Amino acid sequence: PPEVPDSKGLLGRLFTRNEDRMVVRRTLDDDMLEQLEELLIASDMGVDTALRVTSNIAEGRFGRKLSTQEIKQLLAQEVARVMDPVAKPMPIYPKRPQVVLVVGVNGSGKTTTIGKLASQFKAAGKKVVIAAGDTFRAAAVEQLQVWGDRAGVPVLTAPEGSDPASLAFDALTKAQNEGADLLMIDTAGRLQNRADLMEELAKIVRVIRKVDDTAPHNTLLVLDATTGQNALSQVETFRNLADVSGLVMTKLDGTAKGGVLVALADKFGLPIHAIGVGEQIDDLAPFDPEEFAAALTG
Ligand code: GDP
């Protein structure tokens with residue numbers, strides 16, 4: 001299993017090892033709340049969310065003496081309460097093929113996530129097709145082909161520099177003709193020129209709607225959890241570029257403190273469909289709020 005650098009979680013930094021072991025009780029006073037707030041902010045939870053979580057914990061308990069264990073439980077409860085509503089697997093519609101547009105900045109884990117999802121859906125008996133829509137990066141197309149091979153799923157490609165919308169159109173037509181259940185469309189993730197990217201995504205949507213006017217059925221935004229607060233601005237950006245319907249948070253196996261997930265849930269309420277927990281094909285897990293809250297609080 002991956003090494004967790006701070007296995008004691010957030011509260012490991014608030015209580016000394018001895019206090020933790022002895023289950024000392026500390027008074028929930030302003031000083032304690034401030035320390036708690038600082039910890040939550042340092043975990044990438046963001047100021048607003050951190051303040052709300054601490055104030056919920058203090059509600060009706062100010063001045064009381066609480067044990068380490070009680071504070072951990074309260075914090076875990078608060079985190080789980082924020083996360084519960086967003087823990088939803090990607091919805092599956094009766095529509096065949098269901099079209100899943102995958103967006104996100106380069107390096108966020110789009111390719112890997114598409115490969116993992118393809119493998120899961122295939123294992124569930126679905127016929128899956130992938131379209132390599134980032135036609136500007138030859139390396140991205142190659143990488144996606146590697147993942148397609150691993151998952152045993154065909155990857156449709158187009159020559160470098162060709163129009164991604166036209167590839168998406170062909171892919172959907174083919175997926176329809178072949179009776180596929182699911183078409184996943186990879187997209188470019190270079191934010192250097194947002195206007196271009198916006199136009200490109202809009203064109204893909206426009207063009208696939210000529211084949212199926214209900215497509216895309218899901219627009220997944222892939223976010224790298226290790227980018228911390230950056231993930232928040234990526235959601236803002238991509239919501240302006242596309243009609244994001246859900247999130248996949250990658251790299252939660254590493255050193256990511258994960259607090260940003262709480263901030264994301266609190267701020268946007270977008271469903272978290274899955275989390276990436278490693279680089280292998282099976283390293284994609286459903287998002288479990290209780291498990292996440294327990295891991296975060298330690
Ligand atoms: P893309 O540019 O968005 O398509 O990103 P890639 O799928 O190529 O991923 C970028 C890097 O992140 C690669 O080295 C992946 O192996 C790695 N990666 C993706 N998802 C995860 C994950 O959940 N955990 C870890 N540890 N690494 C991941």
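This is a predicted model: local features need pLDDT of at least 70, side-chain atom pairs count only at pLDDT 80 or more; totals for chains, interfaces and linings use all residues.

Student: OK, what does Asp181 form a salt bridge with?
Tutor: With Arg96, and the closest N and O atoms are 2.7 Å apart. That pair links distant parts of the chain: Asp181 is in the loop between helix 7 (164-177) and strand 6 (182-186), Arg96 is in the loop between helix 4 and strand 3, and they are 85 residues apart. Helices (H or I, at least four residues) and strands (E, at least two) are DSSP runs, numbered from the N terminus.

Student: Is Asp181 buried or exposed?
Tutor: Asp181 counts as buried, at 17% relative accessibility. The cut-offs: buried is under 20% relative accessible area, exposed is over 50%, and partly exposed is in between (1.4 Å probe, protein chains only).

Student: How many salt bridges are there by this rule?
Tutor: The count comes to 12. One of them joins Asp212 and Lys95, with the closest N and O atoms 3.9 Å apart. Asp212 sits in the loop between helix 8 (194-211) and strand 7 (218-224), and Lys95 in the loop between helix 4 (68-83) and strand 3 (98-103), so this pair ties together parts 117 residues apart in sequence.

Student: And how covered are those two?
Tutor: Asp212 is buried at 4% relative accessibility, whereas Lys95 is partly exposed at 36%.

Student: Which side chain does Arg190 meet in a salt bridge?
Tutor: That of Glu200, at 3.0 Å from N to O. Arg190 is in the loop between strand 6 and helix 8, Glu200 is in helix 8, and the two are 10 residues apart. Arg190 counts as partly exposed at 26%, while Glu200 is buried at 13%.

Student: Switching topic: what gathers in the patch of negative charge on the surface?
Tutor: Asp30, Asp31, Glu34 and Glu38. Patches are made of residues with over 30% relative accessible area and no salt bridge, joining like charges within 9 Å and nonpolar side chains (Val, Leu, Ile, Met, Phe, Trp, Tyr) within 5 Å. Asp31 is in helix 2 (residues 30-42) and is partly exposed, at 46%.

Student: What makes the nonpolar one?
Tutor: Ile41, Val47 and Leu51, covering about 220 Å². Leu51 lies in helix 3 (residues 47-58) and is partly exposed at 38%.

Student: Now zoom out. How many helices and strands does the chain come to?
Tutor: It comes to 11 helices and 10 strands. The radius of gyration is 21 Å, close to the 19 Å the globule rule gives for 298 residues, so the chain is as compact as a globular protein of that length. That radius is taken over C-alpha atoms, and the rule is 2.2 Å times the number of residues to the power 0.38. Buried residues make up 51% of the 298.

Definitions and conventions:
Residues are numbered from 1 along each chain as its sequence is written. Side-chain values use heavy atoms; hydrogens and water are left out. Accessible areas come from the Shrake-Rupley method with a 1.4 Å probe; for residues, only the protein chains shown count as cover. A salt bridge is a side-chain nitrogen of Lys or Arg within 4 Å of a carboxyl oxygen of Asp or Glu. Lys and Arg count as positive and Asp and Glu as negative; His and the chain ends are not counted. The place of a charge is taken as NZ of Lys, CZ of Arg, CG of Asp or CD of Glu.
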